[in-house]
Amino acid sequence: MVDNKKELREAVIAYKVPGIQAAVEKARKAGMPAGDIIDAMGDGMTEVGILFERGKLFLPHVLSAAQGMKSAMEVLGPELLKSGDASTKRASVVMGTVEGDVHDIGKSICSTMLQCAGFDVHDLGRDVPKASFINEIKAGCTMCGMSALMTTTMTVQRDVIEILKQEGLRKKVIVMVGGAPVTQAYADKIGADIFGETASETTTKAKAINK
Amino acid sequence: MKGFYTRMGDGKRVIMTKEQIINDIHAGIADAADMAGVPDLKADEVDLLFEIISDKNRIVGVEPGKEVVLTYDIGQLDFTGDNGNSGNGIDVGRRESALLHERALGGDTFELAHADYSIKPVKPIISNEMQAMEEIQSEIIIPFFYGAMPNSGLYYAPDGPYGNPADLMREFKIEEAMQAAEFTAEHLARDIEYVSTRMVAAGADGFNFDTTASAGDADFVGTLKGVEMLRKACPKTYIMVGMAGESVMGIHGSIEYKGEVVAGKYPHQQVKLAEKAGANVFGPVVNTNTSKSLAWNMSRSVTFVKECIRVAKIPCHVNMGMGVGGIPMWETAPNDAVTRCNKAMVEIAKVDGV
């Protein structure tokens, strides 16, 4: 079983979908419980995140690893349900690059990493109207991640927080902000709950707050 | 407890002790050395970094005789742009701006730029740009280039003909995303050739590629191929390649230039590719971490750049401004930090210009 765990972890780090599928199949045949397989893959995904942050792996590699995990979950999901071991999602998160801003590479990376960490991510893309964030929160998202890459658009993050206050929703949602011009000091000033310098940092903080 | 007035990477004023500053200098050096596999700075260089940071004067400078070339990028936009665009919101014409940079601001070179500052939007107005170049060249004395960002983001949807890798990857269409990046690199190279050769024909003394690789590794490859084309068409023109960050983002992940994967390349590796393509000058860039101190950012930047200078066969003019080169990410970069980072780059990294 130890070997299977190691193989699963390494297969995810190697980020090739067929390799991940083969490692999962082997582990299943060896009788490894679905929950343990997912945990081992999760360890691999954590390492992928570290390598990504260190510039040793890149977004397509992270996504390929995530795709491998996703395809494995198609097999493991029903098994988990049968065994009654199904873990619930950590939280529902609405993500988007704020209106007026089309830079969404960082936000997309963050969405993917949150997804891999077990969050239910509703990624609205870029140039997202303020109302769309609010609507998703009204529909049940308990976290809101807003990215802004320009000093002229970062103020929209503050606007959305103000609307949340006006509509009495602020206490129901954890607000995360990020993007090149955004700093911890700015996040504090506008009353955001989480500032992430990087996608990994945001994910770590989001996980910590959702323990 | 004796403290020294310094700053954080977001420009916030802080007081730090000698011990805190020294610790941050070591941490910044270690981070760069670890990330890029480059040597640590030496003990005397750490001492000099501390001396520069702890200097009681608000403005510092290099010793007489150690001055370096001062090149400006972004054209007139440093006057006309808004604060977020490195500008000052002053409406001034391109000719006036060029002459001000030459005659009032001490620029050793300057450049003409389009308001969007990207290659692609220049294509439909190339005649206007050529005309402006010719007119300003008749008055200006310093080398006067044309400058633009390769900005291959403009070739992806919704602004361009190719699928947007960010969208495609979100749908796990990884192969398609990679292919879109490859098409973009080729398209960008063709556009660079079109724009740059015409601007040189209009009298530009050279071409400055600014913020190269801002859209990732394919952006870098497209630019290097464009530089090659320009070099072939105009063997004597002056070509500057300035980067967007210390590491090339792998949006494609595997795209190569002359047999080398470019994703994840650091300044000392980027410069070798720029040399191969035919550049005359390389502009290393190191991004500032807003959560870390000036000491951390400055020492980290100098560590990356020092190795780049050591291996480079062409002159290197390091990018120093808002959010790069250790300078805080602040709309109007504080002069105490700006001058300290510049002094460190000149005296420790031994840059040829800024």
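Two strands count as paired if DSSP finds at least two bridges between them. In this predicted model, strands β4 (residues 144-148) and β5 (residues 206-212) of chain B are joined by three bridges and run parallel.

**Confidence**
- For the complex, the predictor reports a pTM of 0.81 and an ipTM of 0.72.
- The average pLDDT of chain B is 95, and 99% of its residues score at least 70.

**The sheet of chain B**
- Five strands of chain B form an open sheet in the order β3-β4-β5-β6-β9, and their pairing is parallel.
- At the edges lie β3 (110-112) and β9 (281-283) of chain B, each of which pairs on one side only.
- On average, neighbouring strands of this sheet are turned by 30° against each other, with direction ignored.
- Helix α8 (residues 217-233) of chain B packs on the sheet, where α8 touches β5 and β6 (238-243) of chain B.
- The direction of α8 makes about 175° with that of β5(B).
- Within the β4-β5 pairing of chain B, B:Y146 has B:F207 in β5(B) as its bridge partner.

**Contact between chains A and B**
- Chain A contributes 22 residues to the contact and chain B contributes 25 residues.
- On the side of chain B that touches chain A, helices α6 (165-170) and α7 (174-201) of chain B each supply at least two residues.
- That side of chain B consists of 10 nonpolar, 10 polar and five charged residues.

Definitions and conventions. Residues are numbered from 1 along each chain as its sequence is written. Chains are lettered from A and ligands numbered from 1 in the order in which they are written. This is a predicted model: local features need pLDDT of at least 70, side-chain atom pairs count only at pLDDT 80 or more; totals for chains, interfaces and linings use all residues. pLDDT is the predictor's confidence in each residue, from 0 to 100. Two residues are in contact if their C-beta atoms, placed from the backbone, lie within 7 Å. Helices (H or I, at least four residues) and strands (E, at least two) are DSSP runs, numbered from the N terminus. Ala, Val, Leu, Ile, Met, Phe, Trp, Tyr, Cys and Pro count as nonpolar, Asp, Glu, Lys and Arg as charged, and the others, Gly among them, as polar. Axes are lines fitted to C-alpha atoms, for helices over the stretch in contact, and angles run from 0 to 180 degrees between N-to-C directions.
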